[in-house]
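Please look through the sequence and the 3D structure shown here before reading on. The notes after it are meant for someone meeting this structure for the first time.

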Amino acid sequence: MIAGAFCSAGAVHGQSAEPWAGDSIVDCHHHLRRTPEASIQHLDGCRVSNALFLARDVSAGRIQAIRAQYPGRFLGWFASTDITKPDAEEILTKAVKSGAAGFGELKFHVEAAGPELRRIYALAAELNVPILIHFQEVPHTPTEGVFATGFRDFAAMLKAYPKTKFIGHADAFWANVSADYANEAAYPTGKIKRGGVTDKLLGDYPNLYGDLAANSGNNALSRDPEFTPGFLERHLDKLIFGSDCSCSDGKGGGVSQSKNPPAARMAGKCVARETLSLLKRTTAPAVFRKLTWENAHKTYRLKA
Ligand SMILES: [Zn+2]
Ligand SMILES: [Zn+2]
């Protein structure tokens, strides 16, 4: 198996519109799709060599089959289960024993410092696997609700669970790069006020990492171009590329951010392409490689 090999039937030779084509890149926020072909279509379409699946606790068999069908493309998987249920710990422990490399994404209507998540933080430390959390304080639709609320006070959790490897993701994690965020919008725009909670926690706590995926990650890196290079430089060992893109073809077809009207800026676009373009033009090659390959391998202990 060639690690990170890119093997798209539709690869264009010569000059490419994707300056990352040929690089080994792992999309660490790739939700398991209806078919393996749909996953491959997305990867090939946006010219990403590899992916890490975010899946369910029961997905081990399916993922094993996909990995056998497409050797070298899928480097592992994370397992999620309903953490509000009493047997969640047992289920997640079993998933790790069957090969899951982490927990996530965990997206539930609970408090970030509440008892449902706390016991999962403790379990992640015990099993020595990372935990990927969706933080969101502003609903995208009237009925959606909020998830893992209270990120502004997350320092207390980082302190209480020093052996847990937390991966921050989604709206509230990324909106809080700005010190003036007050849950006024899912995706705030404009200049970033320096000294935001996210920037500070990433700097202060070795057990917090950031998932660059989704409109939330892309928005935070796009909204204030003067902020972005310094931010990426400060946390170059702790940020991990992912797309969370649901477009069908890796070119923006279908819906890239499903059930999410406030993320309209991504309509017709592939989130993977948008964020890879941004990272490529903002970082030196060695940093780009950290963000899109090396950090994932180190933090998630990927084998290939
Ligand atoms: Zn999410
Ligand atoms: Zn896409």
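This is a predicted model: local features need pLDDT of at least 70, side-chain atom pairs count only at pLDDT 80 or more; totals for chains, interfaces and linings use all residues.

Residues are numbered from 1 along each chain as its sequence is written, chains are lettered from A and ligands numbered from 1 in the order in which they are written, and side-chain values use heavy atoms, with hydrogens and water left out.

**The zinc ion (ligand 2)**

- The zinc ion (ligand 2) is coordinated at 2.1 to 2.4 Å by His 42 (NE2), Cys 245 (SG), Cys 247 (SG) and Cys 270 (SG); donors are N, O and S atoms within 2.8 Å of the metal (3.2 Å for Na, K and Ca), and as water is not among the atoms, sites may look incomplete.
- Because the 4 donor atoms around the zinc ion (ligand 2) subtend angles of 105 to 115°, the arrangement is tetrahedral, a term used for four donors if all angles lie between 85 and 135 degrees.
- Along the chain, the donors of the zinc ion (ligand 2) follow the spacing H-x202-C-x1-C-x22-C.
- Within this set, Cys 245 and Cys 270 link distant parts of the chain, since they are 25 residues apart, both in the loop between strand E8 (239–240) and helix H10 (271–282); helices (H or I, at least four residues) and strands (E, at least two) are DSSP runs, numbered from the N terminus.
- Cys 245 counts as buried because its relative accessibility is 8%, and Cys 270 counts as buried at 2%; buried means under 20% relative accessible area, exposed over 50% and partly exposed in between (1.4 Å probe, protein chains only).

- Glu 105 in strand E4 and His 169 in strand E6 (residues 166–169) link distant parts of the chain, being 64 residues apart.
- Glu 105 is buried at 10% relative accessibility, and His 169 is buried with a relative accessible area of 1%.

**Backbone features**

- Most residues other than glycine have a negative phi, and most peptide bonds are trans.
- The peptide bond from Gly 104 to Glu 105 is cis, with omega near -5°, and Glu 105 belongs to strand E4 (residues 102–106).
- Asn 128, in the loop between helix H4 (115–127) and strand E5 (131–134), has a positive phi near 55° although it is a residue other than glycine, and it counts as partly exposed at 41% relative accessibility.
- Lys 259, which is not a glycine, has a positive phi of about 50°; Lys 259 is found in the loop between E8 and H10 and is exposed, with a relative accessible area of 74%.

**Around Asn 218**

- Asn 218 lies in helix H8 (residues 214–222) and counts as buried at 3% relative accessibility.
- The side chain of Asn 218 makes polar contacts of 2.9 Å with the side chain of Arg 265 and of 2.9 Å with that of Thr 275; a polar contact is a pair of N or O atoms within 3.5 Å, and within protein one must be able to donate a hydrogen and the other to accept it, with residues adjacent in sequence counting only if both atoms are side-chain atoms.
- Not counting residues up to four places away in sequence, Asn 218 touches Leu 212, Arg 265, Met 266, Glu 274, Thr 275 and Leu 278, where contact means heavy atoms within 4.5 Å.

How values were computed: Four donors count as tetrahedral if all angles lie between 85 and 135 degrees; four count as square planar and six as octahedral if opposite donors are over 155 degrees apart and all others between 65 and 115; anything else is irregular.
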